[in-house]
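Visitor: I am new to this structure. Please take me through it by question and answer.

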Amino acid sequence: MKKNRIIAIILSFAILTGCSGVGVKTHSDKSVTLTGEEYEEYIKNKEKIDNIEKLTESIKNDFLFDIDDEKLEAGIYKGLFSSLDDPYSAYYTSSEFEKLMEDSAGEFGGIGVVVSAFKSEYIKVISPIKDTPGERAGILPGDIILKVDGEMYFGIDMDKAVDHMRGEPNTDVTITIRRENEDGSYEDKDITITREIIKIESVIHEMMEDGIGYINITSFDEHTAEDFEAALNEMHSKNAKGIVLDLRNNPGGLLSSVTRIADQLLPKGVIVYTVDKMGRREEELSGKSMDSIPMTVLVNKGSASASEILSGALKDYDRAKIIGTQTFGKGIVQRIYPFGSGGYKLTISEYYTPNDTKIHGVGVEPDIKVDMPQSDTNIGPENLKEDIQLQKAIEVLKSEL
């Protein structure tokens with residue numbers, strides 16, 4: 001690996017604003033005019049780059065063992081992002097970036113569990129994906145993942161843990177989880193799960209008794225909005241009096257997907273807005289047309305991100321009663337950037353509901369709180385006798401018809 005390649009790429013992260021002041025030359029020999037303050041910043045950055053160059057030279061000249069040039073270069077970039085202490089911001093090599101982009105494609109090999117990281121300390125299950133090995137094995141929202149095949153992982157290692165849990169179909173992986181019991185005590189247990197190809201069906205719907213429609217959105221991917229529209233149209237064709245929208249254990253997904261769905265269900269106005277570090281506000285808006293079918297919405301602690309955007313907006317507009325338990329509380333935005341042969345993901349802003357309610361670290365509070373017994377993990381119309389949250393959603397919906 002030539003040191004100039006590393007230095008040139010790292011310098012590409014720097015932005016030098018031209019204005020009257022001191023003239024300097026960059027690595028490409030192009031002149032840039034800087035103010036005195038900008039020149040001081042330039043010198044500081046140059047010192048950092050010089051230090052990286054010295055360390056690289058020392059490693060290449062003195063390190064006892066063989067050096068993988070690509071790993072060395074990737075390590076420099078990964079170090080930049082790990083210093084942020086943000087498990088959602090990371091640099092990805094070419095192969096890692098390809099796996100990252102699989103998430104919105106709707107199919108991959110693994111166990112079907114969506115996780116998040118907390119302050120770099122631990123990895124927490126947001127929710128198992130419906131009808132996947134993880135759900136069938138009994139993984140629950142809120143479980144802490146301690147180990148994968150005996151290897152300990154912390155929050156900062158979330159991407160490595162996810163990569164370890166994924167793999168070839170029909171191979172086993174053992175997950176060590178820590179679960180909080182109803183009495184407040186904790187229990188560690190090993191669960192061996194056989195990997196499968198995970199195919200995500202993001203919209204599931206059916207007609208229930210008494211003209212009540214049921215639509216379950218399991219995630220927000222590339223095709224969810226059009227699938228939701230088709231499901232809603234089918235409800236209307238069957239003369240549904242109202243619908244229960246089930247967002248339980250929905251970990252989120254694409255902002256473009258959830259805003260298209262919200263646009264169908266909300267009056268004209270703000271769906272959600274974001275604020276970045278400079279205080280700049282960016283709004284997602286709904287149009288004039290709105291499907292006014294009566295509805296109730298189900299959420300739980302496995303409802304996160306895009307699910308919280310939709311439920312939060314429906315609540316703020318008093319469009320539907322929110323029923324269940326407080327949601328997960330992930331309300332920050334990451335943007336994915338291609339970079340070189342790989343790419344990186346960076347937290348850039350934070351979500352707020354139309355009524356200026358913060359989501360991140362807080363979640364959406366239901367209008368009607370209904371706790372499910374921890375032992376009752378089967379939900380949905382096929383488990384209506386045990387699903388007391390769904391029973392309540394139907395009861396409330398009928399009272400509004």
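Visitor: How many helices and strands are there in the protein chain?
Guide: This is a predicted model. Its protein chain holds 10 helices and 21 strands.

Visitor: What percentage of the residues in the protein chain is buried?
Guide: A residue counts as buried when its relative accessible area is under 20%. The protein chain has 401 residues, and the buried share of them is 45%.

Visitor: Which strands are the edge strands of the open sheet?
Guide: The open sheet has 6 strands with mixed pairing, in the order 12-13-14-17-18-21. An edge strand here pairs on one side only. The two that do so are strand 12 (203–207) and strand 21 (368–369).

Visitor: Which helix packs on the sheet and touches strand 12, strand 13 and strand 14?
Guide: The helix in question has a direction that makes about 5° with that of strand 12. It covers residues 224–237 and is helix 7.

Visitor: In which sense do strand 14 and strand 17 pair?
Guide: Strand 14 spans residues 242–246 and strand 17 spans residues 295–299. Asp246 stands opposite Leu298 in strand 17. Over 4 bridges, the sense of the pairing is parallel.

Visitor: Why is helix 9 largely enclosed by the rest of the structure?
Guide: Helix 9 runs over residues 306–316. Its cover includes strand 14, helix 8 (255–265) and strand 17. Among the buried residues are Ile309, Leu310 and Leu314. Helix 9 is largely enclosed because, of its 11 residues, the number buried is 9.

Visitor: Which residue just after helix 9 takes a positive phi?
Guide: The phi there is about 55°. The residue is Asp318.

Technical notes. Residues numbered from 1 in each chain as written. Predicted model: local features only at pLDDT ≥ 70, side-chain atom pairs only at ≥ 80, totals over all residues. Heavy atoms only, no water. Pairing = 2+ DSSP bridges. Contact = heavy atoms within 4.5 Å. Axes fitted to C-alpha atoms, helices over the stretch in contact; angles between N-to-C directions. Buried < 20%, exposed > 50% of the residue type's maximum accessible area, 1.4 Å probe, protein only.
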